[in-house]
Amino acid sequence: MKKVLALVLAVVMVLSLAACNNTPTEKKTIKVGVANIMTGESLEAIKNYYNNEVGPTLNMEFMISEGLSNDASGLVDFIDKAYASGCSGIINMITGSEAVNQGAQKCEQYGMWFCTNNSAVAADVAGLSHNIGHCGADPIGMEEAYKKAFSQICSDGENHSVFMYTCAAPGKTAASHYYSAIGVLEAMKETYSLTYTKSIEDIVNDQNPGEVAHDKMDQIHIYLCPGMDFSNFGQYVTACQTQLQTGNYDIFAACANWASFTEAIKGCESQLKKDIKIVGTMNIEDQTKQGLSDGTIDGAIINPLNVANGVLAAMIYNAVNGASANMKEAGTAQLLGVKPWACMSAEEYEIIANLDKEVGKFVLGGNGLKELTVLTNKNVTYKDMNNTLATLADIQKVVEFMKK
Amino acid sequence: MNKKVKNILKTLAFPVLVFGIMDLLVRLKTGHGIISSMIDVQSIIRNAGISTILALALAFNLTSGRLDLSLGAQRLAGTIIGGSICQMLGLSGVWLLVFALAFGFLFGFLTGLAFVITRVPPMVLGVGMGLIWEVIPFAFTGGKGLNLYGMQGNAILNNTYFIIIGMVVIAIFCALLMNNTRFGYELKAIQGNQLIAQNSGINIFKNAVICYTFAGGLVCIGGMFTAAYETQLLAGLGLASNGVVTSNMFPMMLGAFIGLWSNDAIGTIVAALTIQIFQYGLTQLEFSTPNTNAINQGLFVLFLVFLANKEIFKIKAREKARIAEAREKKARMAEEKAKLAAESAN
């Protein structure tokens with residue numbers, strides 16, 4: 001009897017050891033919530049990227065919200081739902097500082113990893129253990145892109161004046177808008193040797209629309225119009241038309257929603273019989289291609305939409321797989337910057353026109369994406385990710401990178 | 001002076017006075033007036049036209065005590081879905097308006113039907129229906145909304161004369177509907193007293209459904225004009241769409257007041273024009289959007305206070321006269337009493 005029992009126990013033990021295999025036949029899918037604010041083609045591009053590229057590549061599943069409003073309550077609500085759905089992390093696209101703070105704290109409470117698509121570190125929550133960082137349009141990159149675009153346009157020796165819709169620039173509500181406006185003001189200052197009466201930061205942070213005061217106002221006009229009230233967006237279009245039709249401005253710049261101003265600008269062009277150049281932050285989409293082709297747009301600052309999204313997904317992946325410390329510096333969340341592409345012609349845009357829209361053509365996809373994760377590089381850090389992003393600033397290098 | 005002429009002058013006084021004041025302020029700041037080119041005129045007329053249409057839409061239900069909070073969502077749904085289907089069929093221009101109007105009627109009709117069937121208070125129903133209507137264009141377009149950028153054949157929708165004609169046609173239609181049709185008479189009876197109207201044989205439910213239907217159609221026409229000018233109309237959620245429509249309550253109520261000297265339709269046009277001149281002036285004075293909104297809403301509240309108390313001076317004057325008469329009578333009676341007393345003493 002004792003021998004039979006001993007034999008049975010031994011067999012059970014062997015079978016149990018065999019079951020404790022270190023290489024599971026099926027890896028658990030990582031579920032991530034995406035608190036999205038995009039609508040339109042941009043939303044579709046995000047969904048396509050996450051569901052059809054990142055998901056299969058990294059074995060991740062994404063719960064993407066509808067276009068949330070840019071405030072904390074929508075984000076917190078979504079985090080509650082994501083937690084209930086079993087999400088391990090949140091990719092947050094709501095940039096308001098209060099939203100980021102509350103979102104990070106909520107995720108800390110739930111033990112969910114949290115990262116944000118924006119261009120500034122939220123200092124109040126940077127030390128939270130589950131806040132693994134930020135990735136967005138590189139502020140200095142945006143500033144340099146606008147500076148380059150304006151320097152090019154204004155290099156013809158003529159006096160140019162600009163009306164700029166700075167959207168969410170004041171108070172760095174959207175840091176990329178803030179630095180875009182700074183880039184324009186710097187370019188105008190350098191090109192025309194202007195002396196502003198206030199500091200550039202004070203000018204950009206002014207909530208009221210108005211002409212920028214400087215020492216050559218009889219020759220050069222610069223008008224900044226901030227505005228985030230999208231429920232009454234028509235007011236900004238009216239303000240734009242009011243100023244443009246004075247004839248004082250021949251360049252229009254917009255940090256967002258450039259297409260909504262085109263009818264107003266066309267009206268002014270036909271009234272004044274002059275060409276008003278359009279420069280703005282745009283996405284890789286059909287209307288950008290059309291605008292550059294038919295000459296409506298003179299400069300497109302393209303934020304490669306899905307590069308930041310890919311980096312954030314990789315950060316969550318690394319955190320879930322035990323490498324959260326590598327995403328931070330001494331326990332503090334860091335900022336990774338995606339440099340924009342400045343396209344000043346339809347030919348330049350053609351190189352990137354088909355990027356980031358379909359499987360096989362995403363800038364960060366396949367092996368390129370895997371290289372940012374512990375899947376292929378166990379010691380990957382946020383610095384390695386930043387180095388990769390730096391190489392992607394050059395459109396030619398992007399094309400080479402995608403061949404990986 | 002002839003009464004008709006007096007009424008015309010009173011009606012025109014509003015936009016003329018506001019124009020004068022704002023023009024002076026703008027000249028003091030900028031050195032030029034509000035109108036410095038045709039673009040200013042076109043901008044004011046376009047915005048006034050859209051505001052008139054939205055105000056007339058609001059008036060259909062609000063004057064009967066029904067605040068429909070789903071109008072903004074109907075505007076989104078009808079404009080986006082109608083416009084998208086129009087694009088799919090390869091149509092453009094006026095067809096966009098026709099499709100928007102058709103879908104606006106549909107969503108308005110369904111909202112009215114929900115109201116008469118469920119008997120839920122209009123404001124509560126409006127919130128619920130609004131949330132539903134907002135989801136439909138969002139789902140239909142995958143969150144994209146309506147994008148008219150680069151679409152050929154839409155120049156007519158931005159043409160000032162076309163907008164003026166559209167606004168006038170709609171205003172005439174509303175005026176005839178309210179003053180020369182059975183529907184209009186019944187609506188006025190319901191506005192007076194709903195219970196008495198019902199007891200006298202008026203079908204208040206049919207009237208309500210028709211009001212909701214017309215309101216839905218009109219807001220979608222306004223929505224399509226806006227979409228044509230801004231080249232897009234984004235699908236939103238969370239009842240964010242309602243602000244655009246409810247912000248036209250001021251022209252609607254001011255229009256009803258000005259309409260005392262003509263009719264509601266003319267009053268609404270004049271009111272919308274007056275407010276747009278005022279707002280355009282504030283834009284030229286470089287007021288920020290929050291400040292402009294605060295000023296607008298502040299004026300609206302002051303106007304409501306005035307409406308609620310406009311008879312107060314007449315009442316006070318009558319009271320004063322009555323008190324004076326009573327005092328005089330009292331003094332006369334005292335005098336007579338003293339006289340009688342003196343006579344009896346003698």
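How far apart do the C-alpha centres of domain 1 of chain A and domain 2 of chain A lie? In this predicted model, the two centres are 30 Å apart. The domain assignment builds domain 1 of chain A from residues 30-138, 304-341 and 364-401, while domain 2 of chain A takes residues 140-302.

Where these two domains meet, 17 residues of domain 1 of chain A are in contact with 14 residues of domain 2 of chain A. On the side of domain 1 of chain A that touches domain 2 of chain A, α2 (40-58) and β5 (131-137) of chain A each provide at least two residues, and by class that side holds 7 nonpolar, 7 polar and 3 charged residues.

The contact between the chains draws 34 residues from chain A and 33 residues from chain B. For the side of chain A that touches chain B, at least two residues come from each of α2, α8 (234-244), α9 (262-272) and α10 (286-293) of chain A, and α8(A) gives the most, with 7 residues. Sorted by class, the residues of this side of chain A are 7 nonpolar, 22 polar and 5 charged.

Of the 18 residues of α3(B), 14 are buried, so the helix is largely enclosed by the rest of the structure. Just after α3(B), Gly90(B) adopts a positive phi of about 75°.

Key
Residues are numbered from 1 along each chain as its sequence is written. Chains are lettered from A and ligands numbered from 1 in the order in which they are written. This is a predicted model: local features need pLDDT of at least 70, side-chain atom pairs count only at pLDDT 80 or more; totals for chains, interfaces and linings use all residues. Domain bounds come from an automatic or database domain assignment. Two residues are in contact if their C-beta atoms, placed from the backbone, lie within 7 Å. Helices (H or I, at least four residues) and strands (E, at least two) are DSSP runs, numbered from the N terminus. Ala, Val, Leu, Ile, Met, Phe, Trp, Tyr, Cys and Pro count as nonpolar, Asp, Glu, Lys and Arg as charged, and the others, Gly among them, as polar. A residue is buried if 20 or more other C-beta atoms lie within 10 Å of its own, exposed if 12 or fewer, and partly exposed in between; C-beta atoms are placed from the backbone.
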